[in-house]
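Reader: I'm new to this one and would like to know where its labels come from. Can we take them one at a time?

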Amino acid sequence: MVDAFRRLGFHELKVSGEVLHQVIVEVVGDRVVNYYEFTDELPMTEWIGGTCEIINDKLIIENSNI
């Protein structure tokens, strides 16, 4: 079975002691494979909102609109 790819949007991302704003986090299964601040809407993005953190390649959602 292949793990699903998801592209998630958040207001804030905490990673490596930094805080990024308006970010996209790409995950496969439960592992973060990429993250970046965005300037344009991307197709197939789930807007979660709120704040998240990446710890050891895992996405921790601290607060959100869901």
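Reader: Why is aspartate 30 called exposed?

Author: Exposed means over 50% relative accessible area, buried means under 20%, and partly exposed is in between (1.4 Å probe, protein chains only). Aspartate 30 has 53% relative accessibility, so it counts as exposed. This is a predicted model, where local features need pLDDT of at least 70, side-chain atom pairs count only at pLDDT 80 or more, and totals for chains, interfaces and linings use all residues. Residues are numbered from 1 along each chain as its sequence is written, and side-chain values use heavy atoms, with hydrogens and water left out.

Reader: Which label does arginine 7 get, buried or exposed?

Author: Its relative accessibility is 16%, so arginine 7 counts as buried. Its side chain also meets glutamate 26 in a salt bridge, at 3.3 Å from N to O. Glutamate 26 is at 11%, so that one is buried too.

Reader: How do you know that phenylalanine 38 and tryptophan 47 are edge-to-face?

Author: Rings of Phe, Tyr and Trp (its six-membered ring) pair if their centres lie within 6.5 Å; planes under 30 degrees apart are stacked, over 60 edge-to-face, and the rest tilted. These centres are 6.1 Å apart and the planes are at 75 degrees, so the pair is edge-to-face.

Definitions and conventions:
Salt bridge = Lys/Arg side-chain N within 4 Å of Asp/Glu carboxyl O.
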